[in-house]
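User: I would like to learn how to read the features of a structure, one at a time. Could you take me through this one, with the general idea before each case?

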Amino acid sequence: MVQVAILGFGVVGSGVAEVLATNESQIERKTDDLVRLKYILDVRDFPESPFADKIVHDFSIIENDPDVSIVVETIGGARAALEFTRRALLAGKSVVTSNKELVAEHGCELLKLAAEQGVSYLFEASVGGGIPIIRPLNQCLAANEIEEITGILNGTTNYILTRMIRAGLSFDVALKEAQQNGYAEQDPTADIEGYDACRKICILASLAFGRHVYPRQVPTEGITGVTLADIAYAESCGRKIKLLGRAIRQADGRVCAYVAPHLVSEENPLSGVEDVFNAIAVRGNAIGDVMFYGRGAGKLPTASAVVADVIDAARHRDAKKRMVWEEGGDDVTTSPDSLKSPWYLRGQGVCARFPTAEVLHRTDAPEEEQAVLTAPMSQTELEKALAGIQPVSQFRVLE
Ligand SMILES: NC(=O)C1=CN([C@@H]2O[C@H](COP(=O)(O)OP(=O)(O)OC[C@H]3O[C@@H](n4cnc5c(N)ncnc54)[C@H](OP(=O)(O)O)[C@@H]3O)[C@@H](O)[C@H]2O)C=CC1
Ligand SMILES: N[C@@H](CC=O)C(=O)O
């Protein structure tokens, strides 16, 4: 029998307990063994929960129980979660997590520790919620040199943008809905300022390109600067505004990674990705373009990915599957400043600065407001052409 402990009984942890119980026989068939939940560690008690008898408050009970071979970490953050993950791996237990902050900051160290201990550290749920992306990138696309990854990687912000466009909700009301649905991080600043998408593109880039890309190396802009006026101008030219995380391999082998809102052409499938859905487009030198799509956040979709990892860890107890990347460094990444793209600019004076640009229009625009789409250029060239004027909005365009 495979015995499991869950750390953190919140949105994802409670979903994992539910999926393990509901799909027990299915999981047994796929694992060829019984998989049973033995403990749930949380700071609180849950007297009303059907799992109340499994709650413990002291991690050492789990750490010192030789019957527990798989620990599911769904606490989040990089403090208690880091300590418990290290201790679980050192105690010879495989660890499965949905915690992208921990993987993005400490993935290299934790993967190395797992390998040394002969156990697994698995994190399918850390990117794209329920979408299979980590395993496909690591296994199914292993024959490829990955050239580019571009994705809608945050369910909360995609949900907010969709609700603002479709239902005309204010930013704050749309955010509250996302929180009520269990999509947002404990501190939703991580979602709306792009830090969550940044952590996810770091994980994907580390896996795809083989060296750790740290969040501090990735310029990041969230959606707080996106207004209904920008959304209207985007629609006027057949585009949608989406928060994208991108990682592009450069000719010198460095990775150009960044997170920012983009105007996405309606011809690009990413533009049709709405609500809490995420999509990740990967380009490999053999396969060409491939895309992964599904629910990017929420209790059961995320639990689906976590439990798949539990099954994987249980099935490969004696022949651990290795996922590794090397330590990072200053030579891993390069700035997106030289990356060329068309730009959307809104503000006074932009028409004069870009006389050949496509001029955009929207109803009820203030008289002095101007908006344009420029020809492709780098950020450095853009700043030179702006010659000191500061647009109110400035987003890249993805064709
Ligand atoms: N929600 C989602 O859709 C998704 C979340 N994730 C990730 O999964 C992880 C968990 O997210 P989520 O379930 O939403 O978060 P929640 O805040 O809902 O759950 C975390 C749980 O852990 C408890 N906890 C906090 N500190 C400790 C501790 N020291 N020891 C034991 N328990 C503790 C919390 O208690 P208390 O509430 O009292 O603090 C809470 O019950 C995060 O890393 C998140 O980024 C990944 C994909 C999707
Ligand atoms: N807050 C995150 C949760 C999943 O990773 C999101 O909204 O995508």
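User: In which loop is Asp275 found?

Analyst: This is a predicted model, in which local features need pLDDT of at least 70, side-chain atom pairs count only at pLDDT 80 or more, and totals for chains, interfaces and linings use all residues. Residues are numbered from 1 along each chain as its sequence is written, while chains are lettered from A and ligands numbered from 1 in the order in which they are written. Helices (DSSP runs of H or I, at least four residues) and strands (E, at least two) are numbered from the N terminus. On that basis, Asp275 is found in the loop between β9 (255-265) and β10, and although Asp275 is not a glycine, its phi is positive, about 55 degrees.

User: What is Thr224 in contact with, leaving aside its neighbours within four places in sequence?

Analyst: Two residues are in contact if their C-beta atoms, placed from the backbone, lie within 7 Å. By that rule Thr224, which lies in the loop between α10 and α11, is in contact with Ile192 and Glu193.

User: How should the span of helix α7 be read, and is α7 largely enclosed or open?

Analyst: The expected span of a helix is 1.5 Å times one less than its number of residues. For the twelve residues of α7 (155-166) this gives 16 Å, and the end C-alpha atoms are 16 Å apart, which agrees. Nine of the twelve residues are buried, so α7 is largely enclosed by the rest of the structure; among the buried ones are Gly155, Thr156, Tyr159 and Leu161. The elements covering them include β7 (146-152), α8 (171-180) and β8 (239-249). Just after α7, Gly168 takes a positive phi of about 65 degrees.

User: Which residues touch the most other members of the largest nonpolar core?

Analyst: A nonpolar core is a set of buried Ala, Val, Leu, Ile, Met, Phe, Trp, Tyr and Cys residues joined through C-beta atoms within 7 Å. In the largest, of 119 residues, Ile201, Ala205 and Val310 touch the most other members. Helix α10 (residues 195-209) gives the most to this core, with eleven residues. Not counting residues up to four places away in sequence, Ile201 touches residues including Leu153, Val218 and Ala257.

User: Finally, which residues are around ligand 2?

Analyst: A residue is near a molecule if its C-beta atom, placed from the backbone, lies within 6 Å of it. Around ligand 2 these include Gly129, Thr156, Tyr183, Glu185, Asp191 and Gly296. Ligand 1 is surrounded by 27 residues, of which the closest are Gly8, Gly10, Gly76, Ala80 and Ala297, and the largest share of that shell, three residues, comes from helix α1 (residues 11-22).

Methods
Buried ≥ 20, exposed ≤ 12 C-beta atoms within 10 Å, placed from the backbone.
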